[in-house]
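Okay, thanks everyone, I'll keep this short. Have a look at the sequence and the model on the screen while I talk.

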Amino acid sequence: MPRTTDGDGTPVPQRLLAAATRLFAEQGYDRTSVQEIVEAAGVTKGALYHYFGSKDDLLHEVYARVLRLQQERLDAFADADEPVEKRVRDAAADVVVTTIDNLDDASIFFRSMHQLSPEKNKQVRAERRRYHERFRALIEEGQRTGVFTKETPADLVVDYHFGSIHHLSTWYRPDGPLSPPEVADHLADLLLRALRP
């Protein structure tokens with residue numbers, strides 16, 4: 001049985017994910033070998049296969065861990081006892097900040113998603129659809145109650161917002177003029193301006 005932690009207490013799965021994320025970001029998923037990942041993580045191939053089963057599983061988990069975090073946070077915003085406009089704004093800003101905070105994971109995924117196995121690809125699409133549907137339901141709630149305009153279909157509003165988020169990795173720089181919360185505020189405000197009657 002592989003050791004579950006190293007000397008500093010870091011669990012082996014986290015070490016493998018950190019090594020894979022760094023290597024996938026630097027070299028690309030297709031140019032990174034399993035051997036390079038296990039050497040960077042300081043474990044054996046047996047440890048990788050014990051926790052992940054394959055390099056494909058690692059790629060899936062790189063993105064899935066971010067999506068799980070974002071789904072949990074979206075559910076909390078959506079369920080909050082707040083006006084719908086505030087819940088939408090909070091959720092819209094949060095997904096920007098959590099994407100920027102995990103920019104390597106997101107950019108790796110969007111560059112390499114097509115390399116996932118068909119089964120994993122289908123699973124990720126279902127997870128993303130669940131997130132988008134929950135976000136869309138908030139928009140629709142605001143449209144039903146007259147807080148938001150019905151002129152633009154909710155699906156298009158969601159695609160517009162998430163399209164901008166999916167391109168953050170192409171232009172956002174940590175040393176740039178805007179902090180993650182500032183970018184989040186601007187994008188959330190743009191969304192709300194488009195929604196107001």
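I'll go from the overall fold to one helix and then to one helix pair.

First off, this is a predicted model. The secondary structure comes to ten helices and zero strands. Along its principal axes, the C-alpha trace spans about 60 × 35 × 30 Å. The chain has 197 residues, and 45% of them count as buried. If you take contacts between residues at least 6 apart in sequence, 67% of those join residues at least 24 apart.

Now helix 10, residues 180–195. Its 16 residues should span 22 Å at 1.5 Å a residue, and the end C-alpha atoms sit 23 Å apart, which agrees. So which residues of helix 10 are buried? That would be Val183, Ala184, Leu187, Ala188, Leu191, Leu192 and Leu195. They cover an arc of only 160 degrees around the axis, so they lie on the same side of helix 10.

The axes of helix 1 (residues 12–27) and helix 2 (residues 34–41) come within 8 Å and cross at roughly 125 degrees. That angle makes helix 1 oblique to helix 2. The crossing of the two is right-handed. On the helix 1 side, the contact residues include Leu16, Ala19, Ala20 and Leu23; on helix 2 they include Ile37, Val38, Ala40 and Ala41.

Terms used:
Residues are numbered from 1 along each chain as its sequence is written. This is a predicted model: local features need pLDDT of at least 70, side-chain atom pairs count only at pLDDT 80 or more; totals for chains, interfaces and linings use all residues. Side-chain values use heavy atoms; hydrogens and water are left out. Helices (H or I, at least four residues) and strands (E, at least two) are DSSP runs, numbered from the N terminus. The expected span of a helix is 1.5 Å times one less than its number of residues. Buried means under 20% relative accessible area, exposed over 50%, partly exposed in between (1.4 Å probe, protein chains only). The arc is that of the directions from the helix axis to the C-beta atoms. Axes are lines fitted to C-alpha atoms, for helices over the stretch in contact, and angles run from 0 to 180 degrees between N-to-C directions. Angles under 35 degrees count as roughly parallel, over 145 as roughly antiparallel, 65 to 115 as roughly perpendicular and the rest as oblique. A crossing is left-handed if the near helix is turned anticlockwise from the far one by less than a right angle, and right-handed if clockwise. Contact means heavy atoms within 4.5 Å.
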